[in-house]
Amino acid sequence: MITSFARAVVTGAFTVALSVPVGGALAASASPVDPPSPQTQKDLEQSMRGEAFANASYRLYAAQAQREKLPSVARLFERTANVELGEHFKEEAQLSGLVGSDAENLRAAVAGETYESRQMYPGFARQAKAGGDSRAAARFSEAARDEGRHARAFEAALRAVESGEGTVPKPPKADKVRVPQGPPEVRAQQTKADLDAALHGEGLAYAKYQQYAEHAKDPAVAKLFRGTSDVELHEHFAAEAKLAGLVGDTRANLTKAIAGEQYESRTMYPTFAKRAEAAGDSQAAARFSNNAEDEAGHARAFQRELDRLPEQPEQPPAADSQ
């Protein structure tokens, strides 16, 4: 996972959607999971945000490694992304009780998308415009319109599920955005902070909707969640990543990933494990400890790939301007 994740201030629909009651543990649980303490729940939500963001970011880093003809690095980023989403996020979601019935999940999605479309993204757009970042303002405004459409589709699906009448809307299609390496395309610090919050939220929305789809009873609801998750990842997250300059060259991406994984393995997850154990949340404590070991392994694997990269040629000294 990435350091900025674990320390990011989380705002908006991500927090709203996570805090909506969903009525218990994942539908796939083999046995009921006792509700965690408030502090453990908070730590689970923070770690889920981080795992979701790492999954999304590492996939972009993998694509950059492929462009640089570094297939072993690309495969490592892809494998690690799969662990972050398919193991860490999924098991933390189970412990937190993220997934409920189709109706509960749709209500949570409506709450999140409504907040983003009416408050968060319009606010970000105004701030970006005031800061002179017109491209970011346009992106935020477009995202607000998309999230409004998502909210309306989820509301229609909820009515169909609860009443047994009507149909679940067809899923949206993502307009995929390519994310090459490059510097930030925004200047204002507030815009950069808003992009960071938006990236975390879109990564989380993708991960949540994938879980909702996996456990959906209604196949049409599953398709709606999957289609919407694709928009959040391949369109919203990608476009915001491009504006934020999230992707560097592979050397920079590996260096950033190592720092994040080391922070989580040495500081964040051990702290969460100690707090969970003290609160009597033994399952969460074990999950946090296991994640710390995994993240340490990820850091070592990234370091090995970094050490194998060819040395960068020295830059010639700047010409004397006098």
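**Packing of the helices and the nonpolar cores**

Leaving aside its neighbours within four places in sequence, Phe225 is in contact (heavy atoms within 4.5 Å) with Asn105, Leu106, Ala109, Phe154, Tyr209, Tyr212 and Ala213. The model is a predicted one, in which local features need pLDDT of at least 70 and side-chain atom pairs count only at pLDDT 80 or more, while totals for chains, interfaces and linings use all residues. Residues are numbered from 1 along each chain as its sequence is written, and side-chain values use heavy atoms, with hydrogens and water left out.

Phe225 also belongs to the largest nonpolar core, which has 59 residues. Such a core is a set of buried Ala, Val, Leu, Ile, Met, Phe, Trp, Tyr and Cys residues joined through side-chain atoms within 4.5 Å; buried means under 20% relative accessible area, exposed over 50%, and partly exposed in between, with a 1.4 Å probe and protein chains only. The members that touch the most others are Tyr58, Phe77, Phe89, Phe154, Phe225, Phe237 and Phe302. At least two residues of this core come from each of helix 3, helix 4, helix 5 (102–130), helix 6, helix 7, helix 8 (219–244), helix 9 (250–278) and helix 10 (282–308). Helices here are DSSP runs (H or I, at least four residues), numbered from the N terminus. Helix 3 gives the largest share of the core, 10 residues. A second, separate core holds 15 residues, among them Phe124, Ala137, Ala143 and Ala198.

Turning to one pair of helices, the axes of helix 6 (residues 134–163) and helix 7 (residues 189–214) come within 12 Å and cross at roughly 25°. These axes are lines fitted to C-alpha atoms over the stretch in contact, with angles from 0 to 180 degrees between N-to-C directions. Helix 6 is therefore roughly parallel to helix 7, a term for angles under 35 degrees. From helix 6, Ala136, Phe140, Glu147 and Phe154 meet Thr191, Asp194, Leu195, Ala198, Glu202 and Tyr209 of helix 7. The residues of this contact comprise 6 nonpolar, 1 polar and 3 charged; Ala, Val, Leu, Ile, Met, Phe, Trp, Tyr, Cys and Pro count as nonpolar, Asp, Glu, Lys and Arg as charged, and the others, Gly among them, as polar.

Two further residues are worth a look. Ala52 lies in helix 3 and is buried, with a relative accessible area of 1%. Ala52 and Gly201 are 149 residues apart in sequence and 9.0 Å apart in space, C-alpha to C-alpha. Lys69, in the loop between helix 3 (38–67) and helix 4 (71–96), counts as exposed at 69% relative accessibility. Phi of Lys69 is near 60°, a positive value in a residue other than glycine. Most residues other than glycine have a negative phi.

Conventions
Angles under 35 degrees count as roughly parallel, over 145 as roughly antiparallel, 65 to 115 as roughly perpendicular and the rest as oblique.
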